[in-house]
Amino acid sequence: MKFLALLALVSAAVATPALFPFGDNAQEPMMGDVLPTSYPGFDLDLNAPRLVQLEGQEEPITMTELEKIQAKAQGIRFFDVTDAVDLGSRAQLRASVKPSYPTPNNTKTVKPVIDALEIQNLHDTLDKFTSFRTRYYRSETGKESQRWLLSKITDLTKKYAPEPLQKSISIHEFGHSWQQSSIIVSINGTSTDDDSVVVIGAHLDSTNNWPFLPAPGADDDGSGSTSILEAYRALVAAGFQPERTVEFHWYSAEEGGLLGSQAIAKSYESRGINVAAMSQYDMTAWVKRGTREEVGIITDYTDVDLTEFNKKLVEQYLSIPWVETKCGYACSDHASWRKAGYPSVFTIEATFENSNHQFIHTQNDKYDISDEFSFEHMLEFSKLAVAFAIELGGWKKST
Ligand code: BES
Ligand code: ZN
């Protein structure tokens, strides 16, 4: 009953009078602070009710946005299911038709694309992406950062994709009830008999533990967003024309409780879209001092067969080994796809324990905070995304 004690604590905080300051130098609120009802540049009602599924509890409970923020800061894990209570209602049906995954065997096609990946691009994209005060999903700068990413994707596509391929690519915003949209980029498959889709995802939003404070979100999840963008760039530059449709997703509002990815998974579920595989990239930059550089393969809330396939890709195409690890809870957007009954995997910067717990969700989640932040490490994840796209998407080259 940990959460009941917490709720009591939160209510006490809201009731006791003392003025809470805000602005760039503001601290997280203390017990006893009276919180303003609105913050400039943010559209977040701290009193708004939400339906929240707490980790390990049967039934969802109602709590306010403020209580959600407090819960997250205290390490209480949850899914905010307000807008997607019925996600996964068709999951059972799909579980009976499980896709199988090949042994990776397209080295000749994958290798040249991997060799074209560039560290400088990772740096330049992340430098801009982390310059927004916050990418919080209910903030103006959160919206601006998402628009910037959209225009970056559009520019890269025009610059690098050969003319005929451009016709197969669609880039669109997936709108939500909050300001910041998710982004979906689709490279249409050529196959006429296989309608399945391969999805590579990351979350574009960031947050501070106290959401009104700055949140550069370099590692969480500027790194994953940037790693998959560079994979996309290299793929289209190589003229990648997959047999299956391959999509790149940048989700809004992961930090709000997997909101963007749940909305998208729900939409795919209701349209009967056949997602053969989904791969999430959340935190790809951190190599903790004194640890071996490796790739963390998350084994909870993920698909066993697709995870085995993902490990093989690491062995075949990356310069570093994999290590199995667990979040212990539904820690990122792969969990939304799993809930909908689609096979998903999650690959992360290290074991969960050796990941960057020190700086995420603070104003110090920056790429220049420590030499533990590694663009070389990020590039390993770009390689993995390239391999995932080609090995599962298929690519019959005409030459
Ligand atoms: N990137 C984190 C998950 C994470 C945290 C991975 C620490 C490895 C180490 C993600 O953005 C996040 O913050 N998830 C939330 C849960 C989500 C459902 C709101 C979390 O961990 O509290
Ligand atoms: Zn996070």
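Biologist: How do the residues of the lining of the second largest pocket divide into nonpolar, polar and charged?

Modeller: They divide into 9 nonpolar, 7 polar and 5 charged. Here Ala, Val, Leu, Ile, Met, Phe, Trp, Tyr, Cys and Pro count as nonpolar, Asp, Glu, Lys and Arg as charged, and the others, Gly among them, as polar. This is a predicted model, in which local features need pLDDT of at least 70 and side-chain atom pairs count only at pLDDT 80 or more, while totals for chains, interfaces and linings use all residues. Residues are numbered from 1 along each chain as its sequence is written, ligands are numbered from 1 in the order in which they are written, and side-chain values use heavy atoms, with hydrogens and water left out.

Biologist: What makes a space a pocket or a cavity?

Modeller: On a 1 Å grid over the protein atoms alone, a cavity is a set of points where a 1.4 Å probe fits but cannot get out. A pocket is an open set with protein on both sides within 12 Å along at least five of seven lines, and lining residues have an atom within 4 Å of a point. The largest pocket has a volume of about 540 Å³, a volume being the space filled by probe spheres set on the points, which are joined across faces, edges and corners.

Biologist: Which residues lie nearest the centre of the largest pocket?

Modeller: Lys72, Arg77, Tyr329, Cys331 and His361 do, among the 28 residues of its lining.

Biologist: How many cavities of 30 Å³ or more does a search of the whole structure find?

Modeller: The search finds 2. The largest cavity holds about 140 Å³ of space, and Ile69, Lys72, Thr207, Pro211 and Glu255 lie nearest its centre. The second largest cavity holds about 40 Å³; Trp286 and His377 are among the residues that line it.

Biologist: How much of the accessible area of ligand 1 does the protein cover?

Modeller: Of the 520 Å² that ligand 1 has on its own, the protein covers 97%; accessible areas come from the Shrake-Rupley method with a 1.4 Å probe.
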